[in-house]
Amino acid sequence: MRPPATMDRSRAARQGLLALLLALLACLPLVLGSASPAGATTTPCAADPETACINGTLRTAAGAPAVGVTLTVEGPAGASTVTSGPDGRWSAAVTEAGDYTVTLQEESLPAGETLRDPANNPRTVTVELGSSGAALFPLGTPTAGGSGGSGGSGPAATPAPGDSSADPEGAEPGVDTTATGSSSGGSITWGRVAQQATAGLVFGSLLALASIGLSLIFGTTGLSNFAHGEQVTLGGILAYVGVQTLHLPLLVAGALAVALAGLSGYVQDRFLWHPLRRRRVGMTQQLIVTIGLAIALQYTYQFFFGASSLRIVTTSPETVRLGPVFLTQQSVISMVIAALVLGGVAYFLVGTRTGRATRAVSDNPALAAASGISVDRIIRLVWTVGAALAGLGGVLMGLYLNATAWNMGGTLLLLMFAAVTLGGLGTAFGALVGSLVIGLVVEMSNLVIPSDMRYAGALVILIVILLFRPQGILGRAERIG
Amino acid sequence: MDWTRILTNVFGELLAPTTAAYALAAVGLNIHFGLTGLLNFGQAGFMLLGAYGFAISTIAGLPIWAALLVAIACSVVFALILGIPTLKLRGDYLAIVTIAAAEIVRIVGRSTALTDLTGASSGLRGNSYKESFQALSPFPDGTTDIGPLSYSNNASNSWWIRLVGWALVALACLLVWRLTNSPWGRVLKGIREDEDAVRSLGKNVYAYKMQALVLGGVIGAVAGIVYVLPRAVQPDSMGRPMTFFVWTILLLGGAATVWGPVLGSMIFWAALMLIKSVMRSTVPDTVMRTEQIEQFGWIVVGVTLMMLVIFRPQGLLGDKKELAINVR
């Protein structure tokens with residue numbers, strides 16, 4: 001049995017961690033508040049039974065809004081001309097349904113900017129009354145293949161105006177969107193390398209937040225949790241509900257989302273995984289249960305929120321310039337929060353008694369139990385903290401990618417597995433190192449392969465690692481066959 | 001509520017080409033998981049590769065037998081690539097690698113860089129490759145009614161594809177039945193129960209696992225062809241959910257049984273159709289929209305999978321003593 005003093009200490013450590021998390025979140029709106037732009041001066045079009053909207057957002061190759069670009073919209077309701085506002089957004093209201101031709105006046109583009117896919121200008125958008133259609137014109141170096149091949153979205157699809165390379169179907173926000181709006185192909189310059197490397201670090205640190213829980217749960221229970229991605233989505237969707245439905249400030253919504261995500265982890269372990277462990281249900285069986293859970297959760301999200309992308313914050317983010325690198329302010333804040341929380345987790349694991357107990361359980365549960373550690377309590381704690389961290393990862397990832405959706409976590413799940421396997425399954429610091437490497441690989445691979453294939457690159461690495469060093473970078477060499 | 005129409009739909013689903021394709025894919029997975037105990041979570045990757053192999057080579061002008069061989073060759077190569085690094089490692093490594101590899105196939109297939117070859121995310125239209133298959137049909141053109149069901153003889157969603165699909169399922173079942181009673185099949189079961197014991201008998205476990213992976217993968221590729229013949233090759237419709245549905249079907253019917261995958265597929269699709277049709281005609285639009293009923297059906301699938309694995313892991317036909325579910 002554990003002396004009461006120890007329990008107090010572990011509880012204090014846990015509370016300390018929670019306080020740290022909340023304090024970090026508290027910084028979020030302060031910075032974001034200063035980041036929000038003054039808002040569009042042109043009245044944005046609102047679709048009602050008599051009007052339909054055609055809209056889009058223009059971004060320069062570096063990701064900054066392209067201001068003052070002229071576009072003409074021609075169709076059954078006549079012709080009109082619109083100009084993009086200070087946030088790069090433009091919208092045209094039309095009063096009749098049908099096919100409209102949208103032409104971007106190339107001479108009105110900011111100096112040095114070109115259309116990435118000149119063949120797609122002008123393009124045709126079909127709209128119906130009461131809904132809006134998007135016409136996206138990605139800017140950047142022209143590519144031979146043209147990556148913006150998909151035209152206007154279907155009438156019912158809500159466009160993601162902040163995303164210059166968004167797929168109109170919005171079905172795969174994790175795969176198809178690039179937060180930095182950078183193009184693939186083009187020549188490799190130092191500027192682009194720096195830009196992609198920075199994006200990789202941001203992405204990697206957010207991925208690390210999400211993967212730590214996956215790694216710790218595997219370490220302490222042996223379970224490969226295929227439903228961990230849904231914990232990430234949960235964080236993003238809860239933040240979306242908080243901001244967009246309940247109109248809470250982003251800080252409160254984010255903190256609430258993280259707390260609820262942690263609670264969901266606790267509830268899951270209390271009512272599902274703990275009973276399964278007690279019934280001595282085998283690991284393979286539990287693995288398939290996680291898959292069933294993942295299916296059920298994904299379609300539950302889709303049931304309530306639909307299949308389109310959900311934007312947590314609808315204002316376009318401002319960009320900041322750090323040397324040769326452009327970043328949205330959201331990315332910078334996300335990275336700072338991620339770094340602080342990751343530091344906190346590292347301190348918890350190394351410096352606190354509970355943290356050491358966690359690592360002991362992760363190493364050898366039987367031995368840990370024999371030396372007086374309450375394994376079940378540690379596992380419960382790992383589930384709670386792991387789910388909360390995944391939720392935080394989801395909130396920040398939703399801000400970084402500019403949208404969340406029912407399958408965001410699902411698309412990230414394999415990257416998390418790649419990161420965790422790369423670092424060494426079950427080691428917490430391995431997850432951190434692995435995530436940074438995977439983040440860098442995903443973003444840097446943009447330089448040489450088409451951007452819609454970048455996740456494939458990370459998965460190839462996963463297979464290659466298993467071939468040569470199956471225990472991962474930080475894992476100990478032992479027989480795992 | 002129009003019960004005649006609903007029951008006709010449900011009955012039609014029992015014989016549908018999709019049901020046959022999923023049954024075939026589950027038979028392949030049964031060789032991996034039921035017989036050998038391999039955790040293959042990339043069956044949809046095998047199916048998608050088979051579909052691409054068949055469709056692309058047909059569009060390139062190859063005759064149907066050559067296209068079929070290309071599809072099979074693709075899946076064999078894919079199985080070798082997957083098996084070489086992972087079959088010596090613990091079971092869940094194979095799970096992660098197969099699921100990742102299936103995603104790689106899908107991501108590469110839907111990439112705009114390959115639009116000329118794969119049609120990117122909009123895929124390949126059915127009419128561009130189904131000609132050679134339909135030309136093989138011995139039936140005259142037109143439509144035939146059998147009982148309440150009415151389909152065209154040869155075009156797209158036809159009697160011809162149903163006949164071929166279910167004949168392939170029967171052949172695959174026969175194969176599995178013969179294999180389970182052959183010395184080769186007994187070694188596989190031995191590997192499933194205790195790999196080290198089989199190794200100590202001097203069997204090359206790695207080679208046996210690889211043979212099982214390749215054989216199940218080839219059946220998966222053929223299932224992919226059956227799946228795409230009445231429709232189009234669309235990479236996004238053949239992603240992870242497809243793999244998970246094949247798993248649900250296998251575990252529903254019963255792993256390590258001959259008829260389990262077939263029964264599982266029929267029950268899976270018929271029950272899904274029943275739930276959705278009944279809900280469409282009883283639940284008012286204000287409570288659940290049409291697409292929400294669709295999603296509700298998939299939620300039921302997810303929960304069913306969880307319940308099955310926890311409470312009846314041997315499925316409907318399986319033998320609890322021959323429970324393959326917890327092997328490495």
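**Close-ups of a two-chain predicted model**

View 1. In chain B, 73% of the contacts between residues at least 6 apart in sequence join residues at least 24 apart (two residues are in contact if their C-beta atoms, placed from the backbone, lie within 7 Å). Keep in mind that this is a predicted model, where local features need pLDDT of at least 70, side-chain atom pairs count only at pLDDT 80 or more, and totals for chains, interfaces and linings use all residues. Residues are numbered from 1 along each chain as its sequence is written, while chains are lettered from A and ligands numbered from 1 in the order in which they are written.

**View 2. The overall build of chain B.** Chain B has 14 helices and two strands (DSSP runs, H or I of at least four residues for helices and E of at least two for strands, numbered from the N terminus). Its C-alpha trace spans about 60 × 50 × 40 Å along the principal axes. Of the 328 residues in chain B, 51% are buried (20 or more other C-beta atoms within 10 Å of a residue's own, with C-beta atoms placed from the backbone).

**View 3. Helices α3 and α10 of chain A.** Helix α3 (residues 190-221) of chain A packs against helix α10 (residues 375-400) of chain A at an angle of about 160 degrees, their axes 8 Å apart (axes are lines fitted to C-alpha atoms over the stretch in contact, and angles run from 0 to 180 degrees between N-to-C directions). So α3(A) is roughly antiparallel to α10(A) (angles over 145 degrees count as such). The residues of this contact are 18 nonpolar, five polar and no charged (Ala, Val, Leu, Ile, Met, Phe, Trp, Tyr, Cys and Pro count as nonpolar, Asp, Glu, Lys and Arg as charged, and the others, Gly among them, as polar).

**View 4. G292(A) and its partners.** G292(A) sits in helix α6 (residues 283-305) of chain A. It counts as buried because it has 25 C-beta neighbours inside 10 Å. Leaving aside neighbours within four places in sequence, G292(A) is in contact with G302(B), V303(B), L305(B), M306(B) and V309(B).

**View 5. Where chain B touches chain A.** Here 41 residues of chain B are in contact with 40 residues of chain A. On the chain B side, α4 (64-86), α5 (91-110), α12 (240-253) and α14 (290-311) each supply at least two residues. The biggest giver is α5(B), with 13 residues.

Technical notes:
A residue is buried if 20 or more other C-beta atoms lie within 10 Å of its own, exposed if 12 or fewer, and partly exposed in between; C-beta atoms are placed from the backbone. Angles under 35 degrees count as roughly parallel, over 145 as roughly antiparallel, 65 to 115 as roughly perpendicular and the rest as oblique.
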